Amino acid sequence: PTACSKRPGVRLLPLLLLSACATMRPTTLPTPRAGAPLKGGVDTHLHLTMSAAAKPFMKGEPGEGAVTTDPGERLINGVTEAQLHATGVTLVFAGLWPPLRLRPGRTALAEALHQVRELDDFMGRRPGFALATDARDARRILGSGRVAVLPQLEGGEGIDRVEDVDALYAAGVRVITVVHFVSTQLGGAANGQLTRALLGAKPDGALEPQGLSPLGRAAIERMVQLGIVIDVAHASDRFVTDVLEITEPLGVPLLVSHTAARSLSNSERNLSDALARRVVASGGLIGLTLNRVQLDTDPAHELGPAHRHLTCDDLIAHWKHLASVTSPEALVLGSDVNGFITRAFPGGLCPDGLRNYGDLSQVWGALEANGIPRAALDGMGEQLLKLVERVEGRADESAQASARRRFARVRDERSVLDVP
């Protein structure tokens, strides 16, 4: 890591920072590393527009050729369009983060809708990316050689009534990570994650007792009716269980977009084996994060003499473990790149570390060398599209039409301060 990335202040969330690190100039990425790209790679949590959401702290955006080469850097873009194609990741859920009510003059819902508009603007600047409204649209975009993008709202803080879910759907949101760092009116978030993000403190292993609230339950039911993919990353165990009790009888699969194995790193933010099995049994998928802090394996786990701590060996260990308790086909990448994360140091199975997205070719090779079938890696895209299709197949077309009619102007209006 650089001297800047070693500073204690860099452990804080970037929107709480006022450090010299934020003004560092991005470096220009050389030609992406050679390697066999996946035939159907996906990323279920990739921030494409964080430079707009976290302005002025985050520097750079995918597509402009600027990217960090430091695995400890949080505030400089970590992915380019060329890297996505070079690694074979061409289907992504674009994480939209409404920043902790730090935008004066906007409600939480208005900020969420504003972030959808920022993604629209990004698409206008980057023709190699295209927005998809459903699985069929995504398949068409992929066939054209572009990166297919489905908007994913990270945190439902703006949902104060069921009708707000309709507004988000009408604006184009197709995936909702229902809770984020803290518990909300919708229900309980995983215990200890905000303290860990702010201070790097190890969680105590305690579980958040709060599950779905009555409003949260109604919102989940409306997401099912509208065909919105429900993402339970960041949620408490009780919350995930409560959601499963609604979705399992309906045959609606869940997504855990960016997580790791709790058996190797004891934090409620990571997925327990029991919940992993239940999510996958219902047809769901689990996305593995690249977040070095989240993958930090507990010292009690003996992972072999060759295991290099804080390198991508941790990621491979988490991936192998979840594959063993579910199946390799149930796992996808959920990188969280540009989500203020640090990534694997050089060493171990990835000699260069995970400096940026271009180093993922090392990960694919390391997974194959450790028993993850190439067919499972190449099949990520088809598995994710099938999940989206299953969610869409259980939607109520009349509910979708009603939401579009009621909020027809949401996507077109330049001001979203007052939503009807």
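Here's a quick tour of ring pairs, charges over rings, a disulfide and one glutamate. The model is predicted, so local features need pLDDT of at least 70 and side-chain atom pairs count only at pLDDT 80 or more, while totals for chains, interfaces and linings use all residues. Residues are numbered from 1 along each chain as its sequence is written, and side-chain values use heavy atoms, with hydrogens and water left out.

**Aromatic pairs**

- A pair of aromatic rings is described by the distance of the centres and the angle of the planes.
- Rings of Phe, Tyr and Trp (its six-membered ring) pair if their centres lie within 6.5 Å; planes under 30 degrees apart are stacked, over 60 edge-to-face, and the rest tilted.
- By this rule, the count is two aromatic pairs.
- Trp97 and Phe340 have ring centres 5.7 Å apart and planes at 80°, so they pair edge-to-face.
- Trp97 sits in the loop between β4 (89–96) and α4 (108–125), and Phe340 in the loop between β11 (331–333) and α13 (360–369), so the pair ties together parts 243 residues apart in sequence.
- Those helices (H or I, at least four residues) and strands (E, at least two) are DSSP runs, numbered from the N terminus.
- Buried means under 20% relative accessible area, exposed over 50%, and partly exposed in between (1.4 Å probe, protein chains only).
- Trp97 is buried at 4% relative accessibility, and Phe340 is buried at 6%.
- Phe122 and Phe129 also pair edge-to-face, 5.1 Å centre to centre with 65° between the planes.
- Phe122 is buried at 0% relative accessibility, and Phe129 is buried at 3%.

**Charges over rings**

- A charge sits over a ring if NZ of Lys or CZ of Arg is within 6 Å of the ring centre and within 35 degrees of the ring normal.
- Arg174 lies over the face of Tyr169, 4.0 Å from the ring centre.
- Arg292 has its charged end over the ring of Phe345, 3.8 Å from the centre.

**The disulfide**

- Searching the whole structure turns up one disulfide (a pair of cysteine sulfur atoms within 2.5 Å).
- Cys312 and Cys350 form it, with sulfur atoms 2.1 Å apart.
- The torsion about their S-S bond is about 85°, so the disulfide is right-handed.
- Cys312 is in helix α12 (residues 312–325) and Cys350 in the loop between β11 and α13, so this link joins distant parts of the chain, 38 residues apart.
- Both Cys312 and Cys350 are buried.

**Glu61**

- Glu61 is in the loop between α2 (50–53) and β3 (66–67), and at 8% relative accessibility Glu61 is buried.
- Leaving out residues up to four places away in sequence, Glu61 touches (heavy atoms within 4.5 Å) several residues, including Phe122 and Arg125.
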